Amino acid sequence: MNDIERKIESLLNRLQSKGAKDIIIKRTLTEQLIIRYSNNKISIPIINNTWEITLKIGYKNRYLVTSLGDAQFNVDDYADYLIRTVSKMPEDSNYAPIKKSENFIDKLPVDTSVIEYEEKAMDIIENVINESVNKKVKETAGIFTIKIDKIRLLNSLGIDLDDERETVSINHRCLNDASITGQWSSFSRNIKDLNVKPVIEKSTLFLEKNLPVKKIQPGKYDVILSPMIFAQLMERVAMSASAFSVESGLSFLSEKINEKVACEKLSIYDDPNTTRSPGYSRFDDEGIRTYRKDIIEKGILKTYLHNLTTAKKFNTESTGNAGLIVPIPWSIFINEGDMKEEEILKELGNGLLIVNSWYLRYQNYRKGDFSTVLRDGVIEIEKGEEKSYLVGARLSDNFLNIMNAIETLTNLNYPIKWWEVEIPTFAPYALIRNLNITTSE
Amino acid sequence: MEEIINKVLDYALKEGAKFAEARYQDLRYNEYVFINGEIRNINTGLIKGIGIRVLIDGSFGFASTNILTQEELIKTCNNAIKIARTTKRRGRNINIERHRGYHDTCIVKPKISHNEKDFDEVIKDFKELDSDVFNLEQRIKTRLFNVYTHNEYKLYMNTEGSKIEHQMPYTLIYRILTAIDPQKTTVQRAKGVGGKKGWEIIEDENFKEDMERDAKVLGKILDEAKELKEKGQFDVIIDSEIAGLSSHEACGHPFELDRIMGREAAQGGLSYAKIEMLGKEKIGSDQLTIIDDPLIEKSSGYYVYDDEGVPARKKYLIKNGYVNEFLTNREYANYISAKSNGSARSAFYFNEPLIRMSNTYIDKGDYSVEEIIESVKKGIYLKSYMEWNIDDIRWNQKYVGLECYFIENGRIKEMVTNVPLEMTTGFYFKNITAVGKDLKFHTGTCGKGDPMQGVPVWFGSPTIKVSGVIIR
């Protein structure tokens with residue numbers, strides 16, 4: 001054990017000796033390799049190594065959450081500062097003591113360093129760029145990331161847990177000019193499982209087809225949302241189920257537990273225990289065991305996501321989703337449907353296939369009114385055939401409306417994680433009727 | 001720290017770097033979250049570390065650490081050198097625009113420092129503010145305040161001999177008010193105030209009065225506002241808040257030269273602007289001038305040298321409708337044989353510096369607000385918004401007016417809401433037919449890059465008139 005680890009233990013003891021209770025200390029060592037590329041060349045490679053502790057301490061029914069990114073800290077001075085600070089907090093009527101939990105042993109170790117992946121990562125990027133250019137794409141841009149978090153979590157009830165979490169992700173965009181683009185992303189829990197084949201195929205698909213380009217006409221359309229945009233929307237749904245969003249007036253799922261919020265075809269669950277996802281985690285930031293849970297089951301909202309504090313406020317139990325402040329899902333899964341991907345265009349008939357979107361903004365969080373700008377392929381479909389590449393479209397609708405209008409889901413989920421989808425999300429294609437599309441004059 | 005950094009920079013040069021820089025950051029923050037007047041959480045923290053960027057064999061390499069020993073920093077520098085060298089054959093053969101070394105210390109002293117108020121005082125103040133707003137309009141069932149303060153020290157050093165220190169406070173107070181009338185509807189309003197200031201920001205920016213005004217307006221929207229029935233072509237008067245945001249979204253972002261040249265294509269996208277437009281192309285009316293100025297003291301976007309050690313200056317991005325200047329950094333200025341105009345910023349020590357805005361605004365014109373209103377025969381006045389977005393070439397944009405009024409024969413008539421202003425940048429800029437004298441600024445956090453970097457900015461504008469807008 002090195003000096004820094006000993007200091008963390010000393011800090012825990014020192015805080016206890018000063019009267020603090022319900023102490024949680026999470027130490028995270030993060031190594032990250034980021035390679036950004038554009039114009040078919042590497043723009044910059046980045047290696048970050050950081051050390052951080054986050055703490056939650058209770059003191060006379062008060063508590064404080066804090067983080068420290070200074071490994072050279074002095075234990076006595078820092079403990080004094082924390083006690084001085086927490087004692088100035090008001091008493092919290094929802095003060096939630098920590099809970100004793102087991103010491104878990106089933107971790108998936110990561111036994112290397114990101115710097116060892118450097119050549120391999122460059123090879124992957126080179127391959128993705130070259131394969132795209134071979135498909136007559138003019139320009140590519142993207143980002144490849146490997147992140148390894150080594151976590152130790154201690155609490156004042158004697159828990160001392162450790163975990164190693166690895167995330168590998170790629171986001172790849174192809175451009176023939178500023179308006180004719182394609183994009184796809186993927187992720188895995190380690191570099192050998194990263195499948196870039198769909199990333200190349202899907203991001204180049206409509207550039208290769210060279211469809212005629214047209215400006216979209218505003219109106220109501222039947223649409224197919226690809227996993228890229230569907231994952232983005234479903235991540236927003238899962239975050240709206242965070243009890244913090246509900247409490248803050250920022251959720252369209254407020255006061256809807258056990259109510260129908262979507263059509264029967266839609267089930268969304270949070271699964272931290274699937275080893276194929278980088279969201280794999282055995283315990284949350286409060287040391288509570290994580291478990292799979294349905295957020296929406298066959299259209300019915302089953303639960304909000306809780307940590308100990310929100311659970312106390314909502315008079316329920318933690319769902320193992322801490323976030324010391326904001327409960328968050330670990331990995332979001334959409335239940336697949338039964339339609340094959342190659343059949344869904346025929347099922348749509350006439351309408352739009354929408355690949356991606358960005359810049360989602362709410363007009364009203366509580367009601368779920370929003371719009372998002374569509375990009376990377378809005379394809380006009382006529383009698384199940386791809387007709388033209390449409391530009392200038394915006395989806396301007398409402399979350400509850402969209403969830404209720406889902407007609408069909410395909411039978412294969414894609415792993416999606418990029419700029420607009422932070423939580424690892426597994427999503428299929430979705431056929432949705434009668435959505436509102438607008439455009440600018 | 002200075003001594004260790006010098007050793008690291010010398011080491012980089014010995015290893016063959018053409019240029020190297022180190023950015024040390026010590027940022028101490030407090031974040032308070034209030035829901036309905038009750039403190040929900042205080043999150044305090046310290047972010048402290050060094051980012052090292054080297055240019056070697058025509059490639060950049062960037063590495064960071066927060067273990068601040070000489071041994072660890074040399075290891076970090078080695079990481080930057082190693083990955084830059086690995087990049088060589090797949091890289092861009094980068095050259096950068098060079099400067100002399102600068103030595104400077106830039107300090108902003110707050111009038112009321114964050115340390116002058118204990119947590120309990122801050123909690124008491126915001127509890128009172130919450131109570132005031134609830135007493136004014138009791139249908140505002142949910143009030144969320146997010147209060148963020150930090151004090152930041154930055155030390156920048158490079159192999160050109162620069163040593164630049166910035167020490168500044170920053171305060172951002174963001175609020176979301178949700179008014180619910182079960183018989184009618186729900187309306188929300190989000191707004192922030194921010195600047196490189198201490199607690200004096202509450203008085204300076206009229207936080208209380210502004211919030212109380214919003215509370216009354218939310219009540220009025222619930223009671224009086226109607227959806228716009230008549231659709232068609234209107235003259236639209238746009239208040240400072242929306243027009244200011246549009247200067248950021250439709251001019252500032254697309255005038256970032258890295259975006260124009262494709263570096264952000266996978267994330268924030270590209271730009272309608274092209275290098276060949278510089279100094280030649282007219283994209284707005286004569287009345288449209290848009291400026292980016294980092295030297296507005298105590299503003300959210302205030303800095304004196306950028307994060308590549310280049311002196312900051314005011315830039316006229318659009319001048320009387322013409323494309324006049326793009327935002328640049330050392331690498332991208334070099335591509336167009338220009339001098340960097342000091343627009344490189346990074347949010348944290350572990351982020352690479354990118355081309356960013358600071359304080360972007362539409363310059364003031366000659367009209368009073370009354371004159372603008374009187375000039376409109378049939379129109380709509382958009383005072384505030386909730387929803388907005390823009391496509392990734394910054395051409396197709398939308399702002400949905402929350403507090404809006406119908407205007408007839410130069411007079412303000414009934415209140416309307418949810419007015420969607422959806423227009424292209426080309427149409428918008430060319431149809432600005434009046435610009436007011438009432439320049440005001442607003443605060444925001446601008447996002448760019450991957451990993452996402454949020455940096456504080458102001459955006460501003462006077463009241464403006466856009467003629468002939470189609471509203472559906």
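Q: Is Asp163(A) buried or exposed?
A: Asp163(A) is buried, with a relative accessible area of 0%. Buried means under 20% relative accessible area, exposed over 50% and partly exposed in between, with a 1.4 Å probe and protein chains only. This is a predicted model, where local features need pLDDT of at least 70 and side-chain atom pairs count only at pLDDT 80 or more, while totals for chains, interfaces and linings use all residues. Residues are numbered from 1 along each chain as its sequence is written, chains are lettered from A and ligands numbered from 1 in the order in which they are written, and side-chain values use heavy atoms, with hydrogens and water left out.

Q: Where is Asp163(A) found, and what does its side chain make a polar contact with?
A: Asp163(A) is in strand 5 (residues 160-175) of chain A. Helices (H or I, at least four residues) and strands (E, at least two) are DSSP runs, numbered from the N terminus. The side chain of Asp163(A) makes a polar contact with that of Arg165(A), at 3.2 Å. A polar contact is a pair of N or O atoms within 3.5 Å; within protein, one must be able to donate a hydrogen and the other to accept it, and residues adjacent in sequence count only if both atoms are side-chain atoms.

Q: What about Ser357(A), buried or exposed?
A: Ser357(A) is buried, at 0% relative accessibility. Ser357(A) belongs to strand 13 (residues 351-364) of chain A, and its side chain makes a polar contact with the side chain of Thr372(A) at 3.0 Å.

Q: Which residues is Ser357(A) in contact with, leaving aside neighbours within four places in sequence?
A: Among them are Ile229(A), Gln232(A), Trp418(A) and Glu420(A). Contact means heavy atoms within 4.5 Å. Ile229(A) and Gln232(A) are among the buried residues of helix 5 of chain A.

Q: How many residues of helix 5 of chain A are buried?
A: Twelve of the 14, so helix 5 of chain A is largely enclosed by the rest of the structure. At its start, a side-chain oxygen of Ser226(A) comes within 3.0 Å of the backbone nitrogen of Met228(A).

Q: What span should helix 5 of chain A have?
A: At 1.5 Å a residue, the 14 residues (227-240) should span 20 Å, and the end C-alpha atoms are 19 Å apart, which agrees. The expected span is 1.5 Å times one less than the number of residues.

Q: Switching to cores. Which residues have the most contacts inside the largest nonpolar core?
A: Phe230(A), Met403(A) and Phe429(B), in a core of 179 residues. A nonpolar core is a set of buried Ala, Val, Leu, Ile, Met, Phe, Trp, Tyr and Cys residues joined through side-chain atoms within 4.5 Å. Not counting residues up to four places away in sequence, Phe230(A) touches residues including Leu266(A), Ile334(A) and Ile406(A). A second, separate core of 84 residues includes Trp51(A), Val217(B), Ile407(B) and Ala434(B).

Q: And helix 2 of chain A, which residues are buried there?
A: Val75(A), Tyr78(A), Ala79(A), Leu82(A), Ile83(A), Thr85(A) and Val86(A). They cover an arc of only 165° around the axis, which puts them on the same side of helix 2 of chain A. The arc is that of the directions from the helix axis to the C-beta atoms.

Q: What do the buried residues of helix 2 of chain A pack against?
A: Helix 1 (3-17), strand 2 (41-59) and strand 3 (62-69) of chain A, together with helix 3 (119-136) of chain B. Asn74(A) caps the N-terminal end of helix 2, with a side-chain oxygen 3.0 Å from the backbone nitrogen of Asp76(A).

Q: Over to chain B. How do strand 2 of chain A and strand 3 of chain B run?
A: They run parallel and are joined by four bridges. Two strands pair if DSSP finds at least two bridges between them. Asn48(A) stands opposite Ser64(B).

Q: Which way do strand 2 and strand 3 of chain B run?
A: Antiparallel, with seven bridges. The two strands form a hairpin with two residues between them, and Asp57(B) in the turn has a positive phi of about 55°.

Q: How many residues of strand 3 of chain B are buried?
A: Seven of the seven, so strand 3 of chain B is largely enclosed by the rest of the structure. Ser59(B), Gly61(B), Ala63(B) and Thr65(B) are buried on one side, and Phe60(B), Phe62(B) and Ser64(B) on the other.
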